[in-house]
Structure formats: structure tokens, C-alpha cells
Amino acid sequence: MTTIPAARRPGGVPRGLSTTAPIIFSYGFRPFFLSAALWAIVAMLLWITSLAGLTDVAETYGTVHWHAHEMLFGYASAVLAGFLLTAVPNWTGRLPVSGWPLVFLFLVWVAGRLALLLSDYIGTTAAILADSVFLPLLLFICVREVVAGRKWKDLKVVAGLMALSVANVLYHLAVTAGQHPSLGIKLALSAYTAMILVVGGRIIPSFTRNWINKTGRTDFPAAYDRFDTAAILCGVAALAAWIVLDDGRLVAGAAGLAAVMHAVRLARWRGWTTTAEILVTVLHVAYLFVPLGFLAIGLAAVNLFDETSAIHVLSVGTVTTMMLAVMTRASRGHTGRVLTASPTTIASYAAIVLCAFLRPSAGLFPEFASLIYSLSGIAWLAAFGLFVLEYGPMLIRVRRRVAEG
């Protein structure tokens with residue numbers, strides 16, 4: 001993502017952005033990235049303590065359902081909001097949502113988190129209604145900006161947000177009906193993954209090319225062509241098959257083909273040439289979990305892999321690793337910091353990648369499941385804790401006028 005060219009007022013705030021609210025609400029990535037990381041920590045701590053029998057969390061709604069929901073629609077939706085509220089203005093050339101309108105949107109997200117957490121006291125129906133407002137409101141804002149900017153090609157990203165909004169409703173309906181919310185989970189993960197296929201295909205080769213060019217080399221990643229389009233369509237088809245088909249062999253075949261296509265796509269971006277700058281390399285590592293995720297759901301479809309583990313390959317590996325990679329890069333770039341990964345940032349990447357490999361392994365080694373849960377939880381907390389430690393101060397302070405380096 002690049003910043004919108006704009007003159008700046010004293011304090012480093014672009015002209016046209018609201019200055020009536022605190023600086024943290026000058027841009028969408030600031031409150032949402034920080035709060036997403038904080039909620040990822042708090043929600044995981046609550047889940048761990050509930051497993052240990054130390055706390056009671058959303059028992060009326062179902063603690064297991066609450067945990068899964070807050071991973072998919074709680075912290076992750078905040079990261080998505082921070083990204084879209086920053087990226088969409090860059091795509092459309094329009095000013096971003098900032099100031100008190102951003103405060104309102106943020107408070108809607110907070111209300112959803114608190115409502116579900118306190119569902120034992122306010123009632124499940126009230127909690128669900130409070131939670132179900134945020135995603136449609138974010139969808140409305142993004143559609144409005146894309147239409148006003150006449151950037152019709154970006155509607156496919158908005159379509160992913162629409163699918164996520166529907167998935168949230170389906171999740172709640174299943175829980176209230178006493179059913180497992182597998183359809184909502186699959187649709188939500190598919191929505192996130194599809195957006196990664198599209199947006200990742202923009203930013204990963206672009207950032208890779210920019211970094212390689214800066215080093216004076218010319219071994220650039222492959223430019224977007226028909227193969228990328230075919231890979232995206234194949235991936236979306238595999239995700240659709242995973243959601244709606246009962247025939248495991250068809251799902252496995254579609255997912256297997258998608259895994260191969262996206263492994264080749266990733267190789268075309270030449271990520272191994274960027275290891276001197278981990279801020280770029282981590283994007284390739286995150287995308288590696290796309291073919292791994294397709295492989296996992298394909299194997300699970302024919303009972304060669306645990307389905308819960310396959311879901312965690314996508315949720316922790318594909319979605320969360322990419323989100324953390326984007327959060328760190330966007331936070332550095334949009335606050336005027338040098339675009340290079342610090343030791344703290346690299347440690348946070350290592351922790352989330354470790355978590356992405358550990359958590360799915362619980363299905364392969366059930367006798368060590370408790371230990372694996374503990375270790376993966378610690379890795380998760382380390383990843384987001386390190387993000388808050390390093391990036392929290394950046395997100396609440398004014399932008400530096402000139403980037404370092």
C-alpha cells in the first residue's frame with residue numbers, strides 16, 4: 001500500500017483528514033490494527049484460562065463457539081477493516097474515513113466484542129444483534145467508496161467482505177439452532193483466503209519488484225498474466241467445492257489442483273531472492289500457506305488429515321500470517337518508518353509461523369494435543385504481544401514527516 005499524495009499540516013497529518021479526534025483515529029489502520037492485536041491477545045488468554053477451568057466465558061453462547069467466532073470475526077475483522085480503510089482510498093483516490101466517523105465505526109466493532117463476551121448477562125439475541133452490525137457497516141463504506149471512485153475492478157475484494165458478512169450471520173444462526181457452525185466457518189475462511197488470492201497477487205509481486213529494483217537487480221517476479229487469473233479462479237472453485245460439496249473426492253481433486261497452481265504462482269514471484277529483507281520475505285512465507293491450506297483441506301476431504309487441523313492451516317497459517325505481515329508493513333510505511341524488519345518484528349513472524357505449524361499438528365499427534373495447544377497458544381501470544389510492544393507506540397503517535405533510510 002502506498003500513501004495518498006497530499007500536502008501535510010503541522011503534525012504530519014495529511015490535509016483533508018480530520019484532526020478533531022485523537023491522532024489514532026486519523027487513519028483506519030491505526031485503531032483497528034492495534035485493537036486487533038490487543039483483542040487477539042485478550043481473547044486467546046480468555047480461551048486458555050477457560051480450558052484450564054479458571055474462567056467462564058460466554059457459556060450461554062458456547063465457549064468453543066465464542067472462541068472460534070472471535071478468531072474469525074473478532075480480531076480478524078478488525079485487521080481487515082484496518083487494511084481496507086487504508087487501501088480502498090489509495091485505490092479510489094478518495095480521502096479515507098477518519099475522525100469521528102472512524103470513532104463511530106470502531107465503537108461498533110468494540111460493542112460486538114463486548115456484547116458476545118457478556119452474552120451470559122445481556123442475552124444471546126442482544127449479543128448477536130450487536131455483533132452483526134459491524135461487517136455490513138464496513139461493507140457499506142467500502143462499496144460507497146469503490147462506486148464513488150468508479151474503481152469497478154475492486155468490487156471483487158468487496159465481494160469477499162460481503163461473503164464474510166453473510167458467514168457471520170450463518171455462524172450465529174447455526175449456534176442459536178444448536179448446530180455446529182461449519183458452514184459459517186468454511187465461508188468465512190474462504191472469503192479471507194479469496195481476498196488473499198486477489199490482493200496478495202497485487203502486493204507481493206509489487207513489493208518484491210520494488211525491493212529488487214532498489215538493490216539494482218533485474219530478476220523481477222513474473223508480471224500478472226493469464227496464469228494468475230486461472231490460479232485465482234481455480235482457488236475460488238476449490239473453496240466453493242469445499243463449502244457446498246459432500247463428495248470428498250471432488251473436493252480433494254479441486255483442492256489438489258489449486259494447491260499446485262498456487263505453489264507455481266508463488267514460485268513465479270521469486271521470494272527466495274528477498275531473504276535480505278524479511279519484511280518482504282514474510283509475504284512469500286505467508287502465501288506459502290495458501291497451497292498448504294488447499295492441500296490440507298483436500299487431504300481432510302478424503303479422511304487423510306483431521307478437518308479441524310486443516311481449518312487451522314488456513315486460519316492461522318494463511319489468514320493470520322498474512323495479516324501480521326501486512327499489519328507490520330502497513331504500520332511502518334504509513335507512520336513514516338523505514339521499511340525494514342526489526343529483530344522484534346522478525347521474532348513476531350517466527351512466533352506466528354511456529355503457531356501455524358504447531359496448532360494443526362494436534363490432529364496428527366493426539367496424545368500430545370494438550371502440550372501442542374499450550375505451545376501454540378504461547379506462540380500466538382508472543383506474536384501479537386511483540387506486535388503491540390513495537391507497533392503500539394507508532395500507531396498512537398503522529399506520522400514521521402520523512403521516512404528513515
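# Briefing: aromatic pairs and cavities in a predicted model

Ring pairs link F25, F32, F106, W109 and F134 into a cluster; rings of Phe, Tyr and Trp (its six-membered ring) pair if their centres lie within 6.5 Å. The model is predicted, with local features needing pLDDT of at least 70 and side-chain atom pairs counting only at pLDDT 80 or more, while totals for chains, interfaces and linings use all residues. Residues are numbered from 1 along each chain as its sequence is written, and side-chain values use heavy atoms, with hydrogens and water left out.

**Confidence**

- The average pLDDT of the chain (the predictor's confidence in each residue, from 0 to 100) is 91, and 94% of the residues score at least 70.
- Residues 1–16 have a pLDDT below 50, and this stretch has 42 contacts in the model beyond near neighbours in sequence; a contact means heavy atoms within 4.5 Å.
- Where pLDDT is low, the predicted coordinates should not be read in detail.

**Aromatic pairs**

- The structure contains 15 aromatic pairs; planes under 30 degrees apart count as stacked, over 60 as edge-to-face and the rest as tilted.
- Y75 and F384 form an edge-to-face pair, because their ring centres are 5.5 Å apart and their planes stand at 75 degrees.
- Y75 belongs to helix α2 and F384 to helix α14 (residues 369–395), so this pair ties together parts that are 309 residues apart in sequence; helices (H or I, at least four residues) are DSSP runs, numbered from the N terminus.
- Y75 counts as buried at 1% relative accessibility, and F384 counts as buried at 0%; buried means under 20% relative accessible area (1.4 Å probe, protein chains only).
- F387 and Y391 form a stacked pair, at 4.9 Å centre to centre and with 15 degrees between the planes.
- F387 and Y391 are four residues apart in helix α14, so about one helical turn separates them.

**Cavities**

- The structure holds five cavities of 30 Å³ or more; on a 1 Å grid over the protein atoms alone, a cavity is a set of points where a 1.4 Å probe fits but cannot get out.
- The largest cavity has a volume of about 220 Å³, a volume being the space filled by probe spheres set on the points, which are joined across faces, edges and corners.
- Of the 13 residues lining the largest cavity (those with an atom within 4 Å of a point), L80, F83, I196, M322 and V326 are the closest to its centre.
- α8 gives the most to this lining of the largest cavity, with six residues.

Terms used. 1 Å grid on protein atoms, 1.4 Å probe; cavity = no way out; pocket = protein on both sides within 12 Å on 5 of 7 lines; lining within 4 Å. Helix = DSSP H or I, 4+ residues; strand = E, 2+ residues; numbered from the N terminus. Buried < 20%, exposed > 50% of the residue type's maximum accessible area, 1.4 Å probe, protein only.
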